Structures are given as C-alpha cells and as structure tokens.
Amino acid sequence: PSYPAVATGGKQSYTVTSDIKTQSNPVVSASKTDSIKHTFREQEEVKEDLTEAQMRFVETQKLLGAQSIPTATNPHVMKTLNLPDTKRKKIIVTGGAGFVGSHLVDKLMMEGHEVIVVDNFFTGQKKNIEHWMHHPRFSLVVHDVTEPIMLEVDEIYHLACPASPPHYQYNPVKTIKTSTMGTINMLGLAKRVKARILLASTSEIYGDPEVHPQPETYWGNVNTIGPRSCYDEGKRVAETMMCAYRDQNDVSIRIARIFNTFGPRMHPNDGRVVSNFIIQSLQNKDITIYGDGSNTRSFQYVDDLVNGLVKLMNGGCDTPINIGNPEEYTIKDFATKIRDMCGSESDIKYLPKVADDPTQRKADIRKAKKELDWEPRVTVDEGLKKTIEYFKGEVEAAGEIVPTGPDAVKPKGA
C-alpha cells in the first residue's frame, strides 16, 4: 500500500489510496477515501484545539496563582511572590474579611504565604477579600471563633472582634465571648500546633486615661460596668490570657495595642469618627460631634498598622506594644480638616456627649521604635486623601449612606 503525504496547514496528513485492498473489502472507493481523509483531519483539529485550550487553561491558572484579580472594591492588581516551601508559612487571620484584617491578608499574600481567613461576617465583608478568592494559596473558612477550630498553621493573627462602639455594644455578651472564648480557642490552637499567636488588642484598655500620652506601662482607667466595658474589659482579659498561656504553656505570643486607624474598606456604617465625618461631608450633611469637640484622638493609616503588626509578629517582643500615630487632633479640628479636604458645605453640629467617651488619646510609641524599628510613614493628610476617594465610590454606589450614630446597632450591609 502507498501513503502519499499531503501538506495541510503546515502539518502532514496521509490519504489512503484506492490500491489498498483487504480480504473483506478488495477495493476502497473514492468516496470512502474522502470520508477517511475528512475524519483524520477532524481528529487532528480536535486534538489541536484541545491542546490549545489546555495550554490556555494552564497559563490562566499560572496567572491567577501569581496575583489578585481586579474587583470593584480592589481594582489594583497585587502580585504574589512564589516562596519555597521552607520559607512559606501557613497563616490564619481571624476577622480577615474586616477592615484591618483584609489589608493584613493583602500583605501576607503578596509576601507569598498561604493565608486562611476565619470570619463569621458579623462586621466583615466578602467584597474586602474577593480579589483573592481564586488564588490557590488563599482559603476562606466561615466560622465563629467562639467555637473551637482544628487547623494546622504556623502563625495566628487574632483580629476577630467588632471594634466600633455601636457594633460591639449591639450584643455586649457576644462581644465579651469573642474576646474571651475566642481568644481561648485561638490560644488552644496555638498551643496544640506550636504556632505563634498575635492578639489585636486596643488602646481602649487604657479607658479614659489620666496619663498622657499613654505608655504600655500605664494600667488604665476603665469603667468595668460602663457601656464600653464589654469591649475594653474583654480585651484586657484577653491580654491576661495571652500572658498566662505564655508563662504556663510556653506559647509564643505577641500583643498589639492598636490606636485609632482609618483607610479604605472601613465599614461605612461603623459609626467611627473618620468614616462618619467623610460620609457626612461628601453628602453635604451636618457633621455630628458628640460633646464640645475638645476631646482628642491620634489617627494612623491602615498600611502603617499592618506593617507594624507584621514586624511585631516577626520580632522578639512578647509584651504589649502600642501601634499608633502620635499625631494628635481635637475632634473639632479633625472634622474641619475632613470637611475642607472634601470641599464640603457641611455645617458642624454638636450633640450631647457619649457616656465614657475618653477625653484624650495619644500613642506613646517609643517602645515600638526601639523593639520593632517601627513608626508611621503615611501622613494623616495622605491617608485621608486615599480614604476620601474610597468613600466617594461607596457613596456613588449606594446612592446615599446614612451614618451610624452612637447608639448600639447591628452592622448593615455586611
């Protein structure tokens, strides 16, 4: 038999000529030959198409494993490093779908680690982390930390707990459980798998301070039965448990006392100063101040906080460290600053003071500078510009946002 080669599109195929004979079919007709030629070509085209599809799929998977995907909330692409197994860590971030947690997830993912977000979405929002949902080194576990969880990890960033007064006062018993039972469960996990654990504590443990600025050695001035005590005292006992597990069970711990933080992805209805002032200014609504506006706060941009948390986790200090920006503002001056940066025509309206609202708050960060070589890098003005741009998009998307007042309220739109 003869098999003359025929050039077809740069490839070789073979025709079966009419001199092929078999016992059952001595002669293959011309029409049968054409049919066989057509079938062979179809098979090759299918194989070629399948190979190209497979190659495109593999390339897409490689791309998705090397970066985030743009979303409405997070339009910028973030590249991820490809670390060797010996350097890549498996890290839990509880509360990882929240404001601070999601920014921490971004940093850890870009560093090339495997990240597991554990969140019950009480205040967290899925849109804050959806740009990582496709990534092979990212996992989401919808779970309440007040219940035990069994995972194998190297590090735990324990951020889970509502942090704004209206939200944590909505269910004070649950807030206390999150800070106590949640912390016990995470400490138990850290003990079992020999992981290092970082607690996101708070400047609220200083209460209404009589020492200014507040160093880590200050024990605080907290009303143990006031409306804010579910959060303040919950975090204080969480710190106590961290130190007890360190001393009794040799668990490696880190404690960050976080001062007021702002930036993109703040919950628009969290009732905090920055989000409320920006939302009110962008909509030319009255800016509401509770009290005479003379009380003070210091505000840090979220990127600075995240860098501080990572430095603390990887550092050698196992006692509490303040993470905050010592640049201090009166609430009245801060409201005026935001109104001017928004180009707003809002009036400032003064309402009755909220119970147990601290009169002053300013971070003493000498210990952070010494132990972590950390201090804020982003100015308040730079951070506010980015945050205002973020909230412009939120207001446009929602049409209107009604800011949350000081009263206890369930989070909206989580």
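Guide: We begin with helix packing, where axes are lines fitted to C-alpha atoms over the stretch in contact, and angles run from 0 to 180 degrees between N-to-C directions. Please keep in mind that this is a predicted model. Here the axes of helix 4 (residues 172–193) and helix 5 (residues 229–249) cross at roughly 15° and come within 9 Å.

Visitor: How are helix 4 and helix 5 oriented to each other, parallel or perpendicular?

Guide: Angles under 35 degrees count as roughly parallel. Helix 4 and helix 5 are therefore roughly parallel to each other. The crossing in which helix 4 passes helix 5 is right-handed.

Visitor: Which residues of helix 4 and helix 5 make the contact?

Guide: On the side of helix 4 they include Ile176, Thr180, Ile184 and Leu187, and on the side of helix 5 they include Tyr231, Val237, Met241 and Tyr245. By class, the residues of this contact divide into 11 nonpolar, seven polar and two charged.

Visitor: Let us turn to the sheet. What is the order of its strands?

Guide: The general idea is that strands of a sheet pair through backbone hydrogen bonds, either parallel or antiparallel. In this model, an open sheet of seven strands has the order 5-4-3-6-7-8-13, and the pairing is parallel. Strand 5 (138–142) and strand 13 (321–323) are the edge strands, each pairing on one side only. Direction ignored, neighbouring strands of this sheet are turned by 20° against each other on average.

Visitor: How many bridges join strand 3 to strand 6?

Guide: Strand 3 (residues 90–94) and strand 6 (residues 155–158) run parallel and are joined by four bridges. Strand 4 itself is mostly covered, with five of its six residues buried.

Visitor: Which strands does helix 5 touch where it packs on the sheet?

Guide: Helix 5 touches strand 7 (196–202) and strand 8 (253–258), and its direction makes about 155° with that of strand 7.

Visitor: How many residues of helix 6 are buried?

Guide: The test is relative accessible area, and buried means under 20%. In helix 6 (residues 273–282), eight of the 10 residues are buried, so the helix is mostly covered. Among them are Val274, Phe277, Ile278 and Ile279. The cover over the buried residues of helix 6 includes strand 9 (261–262), strand 10 (287–290), helix 8 (331–342) and helix 10 (380–398).

Visitor: At what angle do the axes of helix 6 and helix 8 cross?

Guide: They cross at roughly 40° and come within 9 Å. Helix 6 and helix 8 are therefore oblique to each other. Helix 6 passes helix 8 in a right-handed crossing. Residues that meet here include Val274, Phe277 and Ile278 in helix 6, and Phe334, Ala335 and Ile338 in helix 8. The residues of this contact divide into 10 nonpolar, one polar and one charged.

Visitor: Which residues does a cis peptide bond join?

Guide: A cis peptide bond joins His212 and Pro213, with omega about -10°. Pro213 is found in the loop between strand 7 and helix 5.

Visitor: Why does Ser203 count as buried?

Guide: Ser203 counts as buried because its relative accessibility is 2%, where buried means under 20%. Its place is in the loop between strand 7 and helix 5. Not counting residues up to four places away in sequence, Ser203 touches Arg257, Ile258, Phe259 and Arg361.

Notes: Residues are numbered from 1 along each chain as its sequence is written. This is a predicted model: local features need pLDDT of at least 70, side-chain atom pairs count only at pLDDT 80 or more; totals for chains, interfaces and linings use all residues. Side-chain values use heavy atoms; hydrogens and water are left out. Helices (H or I, at least four residues) and strands (E, at least two) are DSSP runs, numbered from the N terminus. Angles under 35 degrees count as roughly parallel, over 145 as roughly antiparallel, 65 to 115 as roughly perpendicular and the rest as oblique. A crossing is left-handed if the near helix is turned anticlockwise from the far one by less than a right angle, and right-handed if clockwise. Contact means heavy atoms within 4.5 Å. Ala, Val, Leu, Ile, Met, Phe, Trp, Tyr, Cys and Pro count as nonpolar, Asp, Glu, Lys and Arg as charged, and the others, Gly among them, as polar. Two strands pair if DSSP finds at least two bridges between them. Buried means under 20% relative accessible area, exposed over 50%, partly exposed in between (1.4 Å probe, protein chains only).
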